[in-house]
Amino acid sequence: MLILTLDWASWTFAVIATVVALIGYLLLLYLRDPHRIRQYPGPFLAKITYAWLLGVVITRRRSQIIHEMHKKYGPIIRITPSEISFSSPEAYYDIHSASSKVTKSAFYDAFASIGLSNVFTARSKIEHGQKRKLLHSLFTAEVSRELSGHTQTITSRLLDEWSTRYVSDNECTWFDCVPWISFLAFDTISDFIFGESFGMIRASSDIVTMPKDVRLGTISAECTLQKISLIKVVSKREAYNYFVGVLPSWWKAVGRRVLRSEAQASKIFSDFVAHRLVQRLSQSSTEAPHDLVGRFLKKSTTQNETFPRDSLIAELITILVAGSDTTRNSLIAAIYYLAKSTNAQRSLQNELDAHMTSATPAIGEIEALPFLGACLNETLRLYSPVPIGLPRTVPASGMVISGDAFVGGTTVGVPIYTIHRDESVWGPRPEEFRPERWLDDGRNSKAHLHAFKPFSEGPASCIGKHLALMQLRLMIAAIFKRFDVALEDPTRPLRVEDWFVRRVTECRVGIRPR
Ligand code: HEM
């Protein structure tokens, strides 16, 4: 009632008073400096409010902007009132090495699915270690090698589809390879997890069917079905998690309310995974299972361990996203860089021709090829699929990073995008795609590896690294052995959006059989 009766002058006064009080509160926080990081430079807004980083996230250019900030302000900068960003490989080591006592920050809470933590979101070192131990044997280099035949088959299916649709005797047919590589990545991860691809390449679509009402896997035969665009759902879920993750804790509830449609996507995706797991569990086979679910159950039975189904769903949700978003964007980036650099493409093809006995690569033929390895490393360096400073919390006892002491509770991170462009390591033109930098008679290789962290490092580094490297090697070799690839417009930069995983939005190419 009072609000309705206020006149114009009173309104103006109320607004000004609120703004002044807010600024005063922010300045007070800045001066109180509970994390004792006031001396570090950075944009002024970032020192007093989380809004600066939020604004940066909204531009979808976070990696580039933070990289520019490091160039402007130096190697240690403040990006929120409680978060410090470092740009040196030494800081990366201090934060992520096995002996470091940091824990994952509250950012990761947003990624928990169905209210349960998983290996990616577990913040306590003990809980994370337990989850990691449970999954470890399912992601070894040997397992990845054993599964390489499945990646081969699914990749060949994609290339057959491309041959039928886009190879003609006349003009080059330009097409956007982003949806196709996405189908490839999702079919491959589905085969890896559930023993069967989603069938996206065959259907040339990401539309999948699932029950409308899934209560964590308890579905009835007569339930109503719905069709969803899985890739859209996953993208929305990722946007939601990332955005809510960046918000300070007292704003997360507001973020969840504002991003309702994204939150709904997150729920649909969890239901979809639960449904697929139920379908998978209903199949019995006498053969040794090749998929993650089968191998996991076999391991649990052998070791007489029980694992709640909901916890398994929580792990699968993360693995499905972590194992598809990263590889698909890395592969699209590799296609783009190699299509743009015709010399690199030619050198790669010469190497493949000399070592491959058929059009379909076998992992044993290609896994040690130096130029292929160099192209893959250079792609992971330049593209940096997971680009941000992975946020970690300094333990209560405090710690020293890059020679400076930080108090408990401070959030710290080293942007992978930035260390992958450190001129003192990579030379004067780090933005150039130059696979040769990995071959230069090992001169810089130690320094390079010190500053090369696409899969992160330490106890929470990527569990899927071997799998991803196997898949990417096979996929790149298969594509470039079979086709010459060109860009429709070589002058156009790769279109990328920054989320937790950098996302390519378009990459138009043409192919010609070799
Ligand atoms: C090019 C491909 C990939 C890249 C660049 C990549 C990168 C990363 C990075 C940087 C992290 C650390 C994230 C953090 O600390 O916040 C990570 C963690 C993780 N990745 Fe990957 N990844 C890739 C592929 C995969 C694949 C294929 C899988 C599984 C099928 C996978 C599963 C995971 C999981 C489960 C974690 C969490 C590990 C933990 O916290 O212990 N990733 N990945």
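# Questions about a predicted model

Me: Where is isoleucine 114 placed?
Reply: Isoleucine 114 sits in the loop between strand 3 (103-104) and helix 7 (125-136). The model is a predicted one, in which local features need pLDDT of at least 70, side-chain atom pairs count only at pLDDT 80 or more, and totals for chains, interfaces and linings use all residues. Residues are numbered from 1 along each chain as its sequence is written, and side-chain values use heavy atoms, with hydrogens and water left out.

Me: How do you know how confident the predictor is in the protein?
Reply: From pLDDT, the predictor's confidence in each residue, from 0 to 100. The mean for the protein is 91, and 96% of its residues reach 70 or more. For the complex, the predictor gives an ipTM of 0.99 and a pTM of 0.93.

Me: Back to isoleucine 114: why is it called buried, exposed or partly exposed?
Reply: The cut-offs are under 20% relative accessible area for buried and over 50% for exposed, with partly exposed in between (1.4 Å probe, protein chains only). Isoleucine 114 has 27%, so it counts as partly exposed. Its phi is also worth a look: about 40 degrees, a positive value although the residue is not a glycine.

Me: What makes serine 456 count as buried or exposed?
Reply: Its relative accessibility is 14%, so serine 456 counts as buried. This residue, in the loop between helix 22 (445-450) and helix 23 (465-482), has a positive phi too, near 65 degrees, and is not a glycine.

Me: Which residue is the donor to the iron atom of the ligand, and how do you know?
Reply: Donors are N, O and S atoms within 2.8 Å of the metal (3.2 Å for Na, K and Ca), and sites may look incomplete because water is not among the atoms. Cys462 (SG) is 2.3 Å away and is the single donor from the protein. Cysteine 462 lies in the loop between helix 22 and helix 23.

Me: Why is arginine 381 said to lie over the face of tryptophan 426?
Reply: The rule asks for NZ of Lys or CZ of Arg within 6 Å of the ring centre and within 35 degrees of the ring normal. Arginine 381 is 5.3 Å from the ring centre of tryptophan 426 and lies over its face. Arginine 502 lies likewise over tyrosine 383, at 5.0 Å.

Me: Finally, what is said of glutamine 349?
Reply: Glutamine 349, in helix 17 (residues 342-355), has 0% relative accessibility and so counts as buried. A polar atom of its side chain lies 3.0 Å from the backbone oxygen of phenylalanine 480.

Technical notes. Helices (H or I, at least four residues) and strands (E, at least two) are DSSP runs, numbered from the N terminus. A polar contact is a pair of N or O atoms within 3.5 Å; within protein, one must be able to donate a hydrogen and the other to accept it, and residues adjacent in sequence count only if both atoms are side-chain atoms.
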